[in-house]
Amino acid sequence: MGYMTVKEVGEQWGVGARAVALYCTEGRIEGAVKKGNIWLIPKGAVKPEDRRRKKDDCQEHEQPPESTGLFQAFHNKELFFDIVKHFPHPMHICASDGTMLFANDAFYQFVKVSQPKEDLSKHNVLRDPGLEGWGIKEFVQRAYQGEVVNAYDVKVPIQEMVNKFGGDNDMLSESLFHNMTAFPIYNESHQLAYIVTVFVISRYYQDREEIIRGKEYIDSHWKEEFDIDQLAEAVHMSRYHYTRLFKQHTGMTPYNYYQEVKFAKFKELLCDNSLSITGVFDECGIDYSGSLAKKLKQKLGMTPSQYRRMKTKE
Amino acid sequence: MGKKSKEQPVEELMKMLKSLYKKENIQSQMIKKFQKLICNDGLYSTILNDFPYPMVVFEENGDLVFVNNALSTETGLDKVCKHNMLNRITDENLRILDATENVFLGKTTFLSGLSEPLELFMSDGIRGKTSSSGYREAVFFPISEENGQTVLGAVIFIK
């Protein structure tokens, strides 16, 4: 019996190679066999039924509201995978047992893989030993129980992921933090079928390793009072050398950078009308009558209330 | 008449140079006296404490070991509180970093045109006199042991 690759079959059926790989994983192509990481499909295999609803069907029956619009896309696998494929943020889809089934282009870019893999099944999210280190073990467990879960500002071990997915193995001088969202997709029988995980960048750094670490430290401790001792400890350098190095790379001293971060957060929180002005100062860890508060008010060029009013009008 | 007008600027320059030399000489003498005082009488000498200009003594890592009354009043810094003078080095006052480090190489440095240098000693919540206190100059000098090894540094801020 002759066999074809998923790419050849995809071309023949007019669908993407990933859709064919997914049909194989789901056992919807009779006689398809897996050799190593490659699916082999018998010549003359029948294309699985297209489960998309036809326009006429929709007119014949009164549809419940959830089967229209975007929601319908979740029941229409090809359309759904097309949306996911071109989604601008890294995203992957796993089966309910944790097996990775699909990753979009943005995900491959993220893990520095130039040639997307057709078979991702060797990766299992639930069996990933690194979950604890990431601090997302609970996030994953809840997601695989069918909950919609969010995790904020997670430092993603990018080098580890690049190595895992076989990406370009050069040492990276970047650091990424993500807000992660995982949501379930249920099948027709209301059983958990897939878990979709989306990564949206919350912080990105690219510089010398020591500078990245210093910025990360300041960005994570901006609420606290600035402490050069702790910063020097975090980067394992002398206070003198690090202050000069930081200035050389960023154009400002670590303390100036800290003030910039604090000022940006202060302005951001002033736009949150649910907080009182003193509440904003508290949230930013600033004493309302202290020296830093005075400086921030000067930098703002107006009173915090005026700034809030101006932003509300915009 | 013509001879006088030619000589006048030279005399003025000489006077100015003498005055500068005198000033520098006074500063050097003052530093020597302070160095002696710190070594002989310990850090908590009444004279140092009551000296009208803000002054601190610091370790090589920037930790303060002595703060006089004038500095404490100007900045609101608690005299028993742990504070590192390298905490708040700004772009405008980056020269202070070099001057502090140079102290431990045995060098004395005069800095002028500083921008709010006393802010180095403030904490976020402190309600001292804060900015515009008028201190624009500083003299950083080493305090050495008998064997010549610099163990501490000191700085006096001048208006």
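Visitor: Which residue in the turn of the hairpin formed by strand 7 and strand 8 of chain A has a positive phi?
Guide: The model is predicted: local features need pLDDT of at least 70, side-chain atom pairs count only at pLDDT 80 or more, and totals for chains, interfaces and linings use all residues. Residues are numbered from 1 along each chain as its sequence is written; chains are lettered from A and ligands numbered from 1 in the order in which they are written. Strands are DSSP runs of E, at least two residues, and helices are runs of H or I, at least four, both numbered from the N terminus. The hairpin has 5 residues between its strands, and the one in the turn with a positive phi of about 60 degrees is His190(A).

Visitor: How many bridges join strand 7 to strand 8 of chain A?
Guide: Strand 7 covers residues 174-186 and strand 8 covers residues 192-206. Ser175(A) has Tyr205(A) as its bridge partner, and Met180(A) stands opposite Phe199(A). The two strands run antiparallel, and the bridges number 13.

Visitor: In strand 8 of chain A, what is the bridge partner of Ile93(A)?
Guide: Strand 4 (residues 91-95) also runs antiparallel to strand 8, with 5 bridges. Two strands pair if DSSP finds at least two bridges between them. Across from Ile93(A), the partner in strand 8 is Val196(A).

Visitor: Why is one side of strand 5 and of strand 6 of chain A left without a neighbour in the sheet?
Guide: The sheet is open, antiparallel and made of 5 strands in the order 5-4-8-7-6. Its twist averages 25 degrees from one strand to the next, with axes being lines fitted to C-alpha atoms, for helices over the stretch in contact, and angles running from 0 to 180 degrees between N-to-C directions. Strand 5 (100-103) and strand 6 (149-156) stand at the edges, so each has a single partner strand.

Visitor: Which strands stand at the edges of the chain B sheet?
Guide: Chain B has an open antiparallel sheet of 5 strands, ordered 2-1-5-4-3. The twist averages 20 degrees from one strand to the next. Strand 1 (residues 55-58) is joined to strand 2 by 3 bridges, one of them between Val56(B) and Val67(B). Each edge strand has a single partner, and those at the edges are strand 2 (64-67) and strand 3 (109-111).

Visitor: How many residues has the largest nonpolar core?
Guide: Such a core is a set of buried Ala, Val, Leu, Ile, Met, Phe, Trp, Tyr and Cys residues joined through C-beta atoms within 7 Å. Val155(B), among the residues with the most contacts inside the largest core, touches residues including Met55(B), Val56(B) and Phe140(B). Apart from this core lies another, of 41 residues, among them Ile41(A) and Cys94(A). The largest core's count is 43.

Visitor: Is Tyr257(A) buried or exposed?
Guide: Buried takes 20 or more other C-beta atoms within 10 Å of a residue's own, exposed 12 or fewer, partly exposed anything in between, with C-beta atoms placed from the backbone. Tyr257(A) lies in helix 13 (residues 254-270). Beyond its neighbours within four places in sequence, Tyr257(A) is in contact with Ile218(A), Thr250(A) and Met252(A), contact being C-beta atoms, placed from the backbone, within 7 Å. With 21 other C-beta atoms within 10 Å, Tyr257(A) is buried.

Visitor: What arc do the buried residues of helix 1 of chain A cover?
Guide: In helix 1 (residues 6-13) the buried residues are Val6(A), Val9(A) and Gly10(A). They sit on the same side of the helix, because the arc around the axis is only 105 degrees. That arc is taken from the directions from the helix axis to the C-beta atoms. Strand 1 (3-4), helix 2 (17-25) and strand 3 (38-42) are among what covers these residues, and the arc is 105 degrees.

Visitor: Which helix of chain A gives the largest share of the side that touches chain B?
Guide: 20 residues of chain A are in contact with 20 of chain B. Helix 11 (228-235), helix 12 (239-250), helix 13 and helix 15 (291-300) each supply at least two residues of chain A's side. The largest share, 4 residues, comes from helix 12.

Key:
Contact = placed C-beta atoms within 7 Å.
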